[in-house]
Amino acid sequence: MPDLDRHDDEDPAGPEGAGTPGTLAARDSLPENPADKGAEDELDAEEQRAPSIPLAPFLSLVTHGNVLIGSTVHDGVTAQLPGAAALGLPVRVGTVRRAERDFVTTTFVEPAEYRAASRTIRRHLVLLTGPDGVGKRAFALQLLEQYAEDTGEVKALDAEQSLEDLADELRPGTCYLLDLDDADRLAITPARLQVLLNALRATGAYLAVVLTQPLSAPMRAITGIWRPYLIACTAPDPIAVARSHLAHHLGPGWADSHPGLLDDEVLDALRLVPGPGQAAAVARDLVGAALGRYDKTDVLDAVRDRDHAGIAEWFASHPSLRSWAWMLATAVFEGQDRGVIADRAATLEAVLTSGSEAPAASAWPPPGTSRELEAIRATIEPAASSGSFPRYNLERVRFLRPGWAQLALDHAWREYPMLRDGLLHWLAATPLRGELQDLAGATAGFLTAATTGYQALVPLRRWARQDRPRQELAARALGVAAAHDPAIATQVRRLLGSFSRADAGKELRRTAALAYGTAYGLAYPQTALRRLMELARAEDREVAQAAVNGLLALHRAGDTSGPAALLHQLSTWDLSDDQRCATAADLVSGLLTGTDQHPASSGTGLPEQTAAVFGDPAAAHAAATALASLSAHPAGYGRVLDWITGWLFAVRGHPQHVLVRDLVGAIFTTLRHLDTERLAYDLTRLAHEQPHAEDLETLRPALRAFEEPALACGGPA
C-alpha cells in the first residue's frame, strides 16, 4: 500500500498545507507569489473554514458547455438526455430559469403532504421544512408554478434577505422562493409577519420559504407564528420518481420500448433510496443501461452500494500509486482519449511520488493501458475525432460502473488528505487545452467545496496571482465551488469582491472577471452582471475583455434579462476613452451579431440573434442608442458602419430589410444632438455606389438625414 496513512479527521497540512513527514509537503506545491504572503490573514475566521459537505451530490450539471464531472460527465448518457443541456445550474439568487421550472413540472411527483401545501399557499405564504434531500426546492417551485403563469417569473431570494424588509420590495404578481439553512432567519414579530402577509396579498405575490435546518425547541417557540403556514416535508415515492424521470428522458412509451428496464430487482433497490434526487440519478443510470452505456448489473451494484464500500475496497486492494494515479486521472478526464489519460496518470504518479512532474512518455500506444484500465474497471470506446476530416479515431476511456468517478475523487480527497496538495498541483499543471483545463478547473472547484480542516480557498488565491492559465483554473474552480454550495459561495463572493477592487491589480481583477462569467454567474446572475459591467470599464484591456466575454456567456445562458438590459446599461458609459469605446463595441458586437463577419451571400437574411434583437421594440431601441453612441466616436464609428453594411447586404431582397430600415431610422433619431453628417454621408455614398432599389429604401433615413440634416435630426425647421 502507498506510504499514506488514513486520517479521517486530521488536518494533515495545517492552514498552509505544510505537510507531514513522508507526505506531500508545501515544497511540492506551486511556487508562491511574494504578494501572497499574508493573504490568508485577509480572510476572517468564517471564511477560513470550509464546510464539511458530501461531494457526490455536487457532481451534476455545471457551467459552460454543460460540462459534467464524474461518470455522468463524459459517458454520453447525459448528452443524449432531452433538455439536459438547457437545464444547467439552479439559480441561487435571481430569476429561476424557465428550463428548471419546466423540468420540475414534467418530473414532479407529489409527496403525501402536497394537498395540504396547496391549500396553504393559497394564503400567499408557505414554509416547507424537512431534512436535506427530500426535494423541498422542487416542491416549492411546483407550488409556485400555478401562480407564476401570469407573470412568468419566479425569483430566488438571497438567503440573507430580511423578511421584515421584503414587504417593501415585492413586485406585483411575482412568486418568490427563499431557501434557508438557518432557522434564525425566520425570527420575525407577529406584527411584521402580518405586514408581510398583507403586502403579499395586496401585490398578488406568493412566497415559498424552504428551511433545511430542523427547528430546535427554542426556535419553535420563536417561530410559533409560522405554524399556520408550516408543512413538514417527506420524500415522495422513489419508484414513482424514477418512472417520471424515465418517461421524461426516454418518452412516455419507455416501458414498451425498453421492457424489463424497471424489473423487480431494480424496484427492490429503489425502495431503499432515501430521496428523489437519488431516485432521479438511478433513472439516469438506467437510461445509460437502455442506451447500452452500462450493464444493468453495474447499475444495480451502484444503487445497492449506498455506503460506498466498493470504492473503499478498491483503494485498499490496489495499493500502488500507479493504480491510484490511473483511477484519479480517469475520474477527472473520463471521456478523453486513452493517450490523454495515460499522460495525465503518469504525471500524477510522478507528482505523488516525488512532488515533481515527469516528462510525458512518447511511446504509443501508452504502455500498460489495457492492464491499468481493467484494474480501475474502465474500458475503451472508439469514437471518430471531431472535425470535417478526421485523421484518426479516438479511444475514449469510460468507467464501467455509474458514479465510479465521483466516488473515487470523493474517497481519495476525504480519506487520504495528504494527497490534496499533490492533486491540486497536478490539476494546476493541466496542459493548455480548453476542454482539459475546463475539467481540471471544475474538479478543483468540487474538491474545494468538499474541503474541511484547512483554508479551502487559499490554493485558488495563489493561482489567481500566477500566470493566465492558473488564473483561468482559479476562476472556474471558484465559480463551480460557489455554485454548488451556499456556504462556500459566501466566501467566494467576498473574495471576488476584493479581487474586483480598482486597486487589486490586473491579475486578480482578470480572475474575478473570468469567475463571474462561469458557474458563479449562472447561480448568482444579478451579482455577476453588476460586477462584470463594472469590470468591463476597466482600463486594462485584458480585464475588460474578460468581463465582456463573461457578459456574453451569461447572455447566451439566458441570465441577462435579454440584450436590451445590457445595451441599455451602455448608455451610462463614457465612451470618450478609446479603450472603453472599443470594449463597448466588442459587447455590442457579441449581443447583436455574435461575430464581425459579414453574411456569406446576399439576401440570406439577418443572423437569428440579430433578427431577434431588431424584432423586439425595446431591444431595437436600445441597440439603436448604443450604435448611435458608438458612431459618435472614432474608435466605434468604423465598426458601426461595417455592421450596417453587412446587415444591408444580408437583407437585400429579403423581407427583413424593414427591420434594418427601422434601425437606421432610430439611429438618426437618437443622433439628433450628435454629429450625424459623417455617418449620413457614408451611408448615402454606400447606397449610390451600387444602386439597388431596396438599398435605397432601407437607407432612406440616412439619405434624408444627409439631404435635410436639420429636419431629419430633430432640429429647427
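Reader: Which residue in strand 3 is the bridge partner of Thr95?
Author: First, the terms: helices (H or I, at least four residues) and strands (E, at least two) are DSSP runs, numbered from the N terminus, and two strands pair if DSSP finds at least two bridges between them. In this structure, Thr95 has Lys155 in strand 3 as its bridge partner. Strand 1 and strand 3 pair in the antiparallel sense, over 2 bridges. On the sources: this is a predicted model, where local features need pLDDT of at least 70, side-chain atom pairs count only at pLDDT 80 or more, and totals for chains, interfaces and linings use all residues. Residues are numbered from 1 along each chain as its sequence is written, and side-chain values use heavy atoms, with hydrogens and water left out.

Reader: And what stands opposite Lys155 in strand 4?
Author: That's Tyr176. Strand 3 and strand 4 (residues 175–180) run parallel, joined by 4 bridges.

Reader: What is the strand order of the sheet?
Author: The open sheet has 6 strands in the order 1-3-4-5-2-6, and its pairing is mixed. Strand 1 (94–95) and strand 6 (230–232) sit at the edges with a single partner strand each, so one side of each has no neighbour in the sheet. Elsewhere in the order, strand 2 (residues 125–129) and strand 5 (residues 206–211) pair in the parallel sense over 5 bridges. There, Leu125 faces Leu207 of strand 5.

Reader: Which residues of strand 3 lie on each face, and are they buried or exposed?
Author: The general idea is that side chains in a regular strand alternate between the two faces of the sheet. Buried means under 20% relative accessible area, exposed over 50%, and partly exposed in between (1.4 Å probe, protein chains only). In strand 3 (residues 154–157), Val154 and Ala156 are on one side, with Lys155 and Leu157 on the other, and all of them are buried. So that lysine opposite Tyr176 belongs to a strand covered on both faces.

Reader: What does Leu211 touch beyond its neighbours in sequence?
Author: Contact means heavy atoms within 4.5 Å. Leu211 is in strand 5 and is buried, at a relative accessible area of 0%. Setting aside residues within four places in sequence, its contacts include Leu127, Leu128 and Thr129, along with Leu180, Asp181 and Asp182.

Reader: How much of the contact pattern joins residues at least 24 apart?
Author: Of the contacts between residues at least 6 apart in sequence, 73% do. The protein has 36 helices and 8 strands, and buried residues make up 54% of its 717 residues.

Reader: Which residues have the most contacts inside the largest nonpolar core?
Author: A nonpolar core is a set of buried Ala, Val, Leu, Ile, Met, Phe, Trp, Tyr and Cys residues joined through side-chain atoms within 4.5 Å. The largest one here holds 140 residues, and Phe315 and Trp647 have the most contacts inside it. Not counting residues up to four places away, Trp647 touches several leucines, including Leu592, Leu606 and Leu627, plus Phe614 and Val660.

Reader: Where is confidence lowest, and where is it highest?
Author: Look at pLDDT, the predictor's confidence in each residue, from 0 to 100. Among the elements, helix 1 (residues 84–87) is lowest with a mean of 42, while helix 3 (residues 114–121) is highest at 96. The protein averages 79, and 78% of the residues score at least 70. Over residues 3–87 the pLDDT stays under 50, and the model has 198 contacts beyond four places in sequence for that stretch. Residues 710–717 are also below 50, with 11 contacts beyond near neighbours in sequence.
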